[in-house]
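The points are grouped by topic.

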Amino acid sequence: MFRRYPRGIVTANALTGLSGVWSQNEWAQFISTPRTASYLIVAGGGSGGSADTNTGTGGGGAGGYLSGTSTLTGGTTYTVTVGAGGAAPGSPANGNNGSNSSALSQTATGGGGGSGVGTASTGGSGGGGYGTFASGTTSGAAGTAGQGFAGGGGVNSSVDANLQVGGGGGGASAVGVNGGAGGGNGGAGSASSITGTSVTRAGGGGGGKRTSGAGGTGGTGGGGNGGADASGSAGTANTGGGGGGCGTGGGTLRFGGAGGSGVVIISVPTALYTGVTTGSPTVTTSGLNTIMQFNSSGSYTA
């Protein structure tokens with residue numbers, strides 16, 4: 001397994017990625033070789049609000065979005081947690097926040113739920129505000145600095161049912177749009193080429209509209225569309241997209257769309273990739289790197 005080298009020579013073992021000192025015809029000491037990994041961590045998106053009376057609800061905020069590099073230590077096992085999207089509320093209620101995703105000592109915060117009957121929720125990106133039979137506007141919620149943006153505001157009206165609309169959920173790269181003639185569009189997500197191909201993730205959910213017409217469009221990157229006198233659509237799985245808000249007149253229960261689940265992607269130099277994983281990640285190569293995409297929780301041993 002090892003070559004013999006003159007005593008005292010410092011060398012490396014290509015099979016383990018470890019370096020050490022050859023002394024007295026033995027491999028005397030192992031020292032972990034630092035290795036740099038790139039990562040993308042996206043949390044689960046928030047769901048849109050549900051309602052049954054004269055309301056256009058807010059879209060769910062996208063899951064928090066983190067990318068960067070980290071130094072791994074050989075022989076160390078790194079746990080990967082992939083957050084679920086927020087569940088669609090089954091009764092008139094605000095949307096549910098998505099769950100956090102984490103890896104390599106980094107945590108992305110779940111997206112905020114859209115407003116259905118009260119204040120929208122903060123999260124990685126914030127949920128959108130709702131519009132109902134009242135006056136003025138309702139605010140969207142804040143996102144988390146460095147992870148996502150705020151949701152858009154909803155519009156109330158006691159005169160025109162067509163102006164009871166929800167705001168779009170925030171996205172990884174833009175705020176959700178305020179409601180207007182239709183539900184507000186979800187904020188745009190962010191693109192990453194960590195897998196070797198550019199993919200946009202973490203778009204906010206579109207806001208709903210009370211009457212038929214135009215619900216808000218989900219933000220690029222997996223955001224669900226808002227419903228116009230209809231339920232919202234779900235965020236796309238493994239993008240962290242927010243779910244769309246709903247719209248309803250009197251007496252008909254409509255549902256916000258569920259948030260999309262998150263994802264964790266880790267890229268390491270192929271020469272140092274160990275192949276020791278749990279959780280069945282999808283493993284590909286691009287250039288000199290091996291990429292592990294975790295669509296569910298697992299681990300990697302460096």
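A residue counts as buried when its relative accessible area is under 20%, as exposed when that area is over 50%, and as partly exposed in between. With that cut-off, 51% of the 302 residues of the protein are buried. The model is predicted. Its secondary structure consists of 20 strands and zero helices.

**Overall figures**

- Taking contacts between residues at least 6 apart in sequence, 55% join residues at least 24 apart.

**A three-stranded sheet**

- Strands of a sheet pair through backbone hydrogen bonds, and the pairing is either parallel or antiparallel.
- Here, an open sheet is built from three strands in the order β10-β5-β15, with antiparallel pairing.
- β10 (131–132) and β15 are the edge strands, and each of them pairs on one side only.
- Strand β5, residues 55–56, is joined to β10 by two bridges, and these two strands run antiparallel.
- T55 has T132 of β10 as its bridge partner.

**The aromatic pair**

- A pair of aromatic rings is described by the distance of the centres and the angle of the planes.
- The structure holds one such pair, formed by Y273 and Y300, with 5.9 Å from centre to centre and 10 degrees between the planes.
- The pair counts as stacked because its planes are under 30 degrees apart.
- Y273 sits in the loop between β16 (263–269) and β17 (276–278), while Y300 belongs to strand β20 (residues 298–301). The two are 27 residues apart, and the pair links distant parts of the chain.
- Y300 has a relative accessible area of 2%, so this residue is buried. Y273, at 24%, is partly exposed.

**The salt bridge**

- The count of salt bridges is one.
- D229 and R254 form a salt bridge, and their closest N and O atoms are 3.4 Å apart.
- The distance falls within the 4 Å cut-off, so the pair qualifies.
- D229 lies in the loop between β14 and β15, and R254 in the loop between β15 and β16. They are 25 residues apart, and the pair links distant parts of the chain.
- Relative accessibility is 32% for D229, which is therefore partly exposed. R254 is also partly exposed, at 22%.

**N238**

- N238 is placed in the loop between β14 (199–201) and β15 (247–248).
- The relative accessible area of N238 is 19%, so the residue counts as buried, given that the cut-off is under 20%.
- From N238, the side chain reaches the backbone oxygen of G262 at 2.9 Å.
- Leaving out residues up to four places away in sequence, N238 touches R201, S261, G262, V263 and N295.

**G152**

- The loop between β11 (137–138) and β12 (154–155) contains G152.
- G152 has 0% relative accessibility and therefore counts as buried.
- Not counting residues up to four places away in sequence, the residues that G152 touches include the glycines G128, G129, G140, G167, G168 and G176. V177 and N178 are also touched by G152.
- G152 and G204 are 52 residues apart in sequence, with their C-alpha atoms 10.0 Å apart in space.

Terms used: Residues are numbered from 1 along each chain as its sequence is written. This is a predicted model: local features need pLDDT of at least 70, side-chain atom pairs count only at pLDDT 80 or more; totals for chains, interfaces and linings use all residues. Side-chain values use heavy atoms; hydrogens and water are left out. Rings of Phe, Tyr and Trp (its six-membered ring) pair if their centres lie within 6.5 Å; planes under 30 degrees apart count as stacked, over 60 as edge-to-face and the rest as tilted. Helices (H or I, at least four residues) and strands (E, at least two) are DSSP runs, numbered from the N terminus. Buried means under 20% relative accessible area, exposed over 50%, partly exposed in between (1.4 Å probe, protein chains only). A polar contact is a pair of N or O atoms within 3.5 Å; within protein, one must be able to donate a hydrogen and the other to accept it, and residues adjacent in sequence count only if both atoms are side-chain atoms. Contact means heavy atoms within 4.5 Å. Two strands pair if DSSP finds at least two bridges between them. A salt bridge is a side-chain nitrogen of Lys or Arg within 4 Å of a carboxyl oxygen of Asp or Glu.
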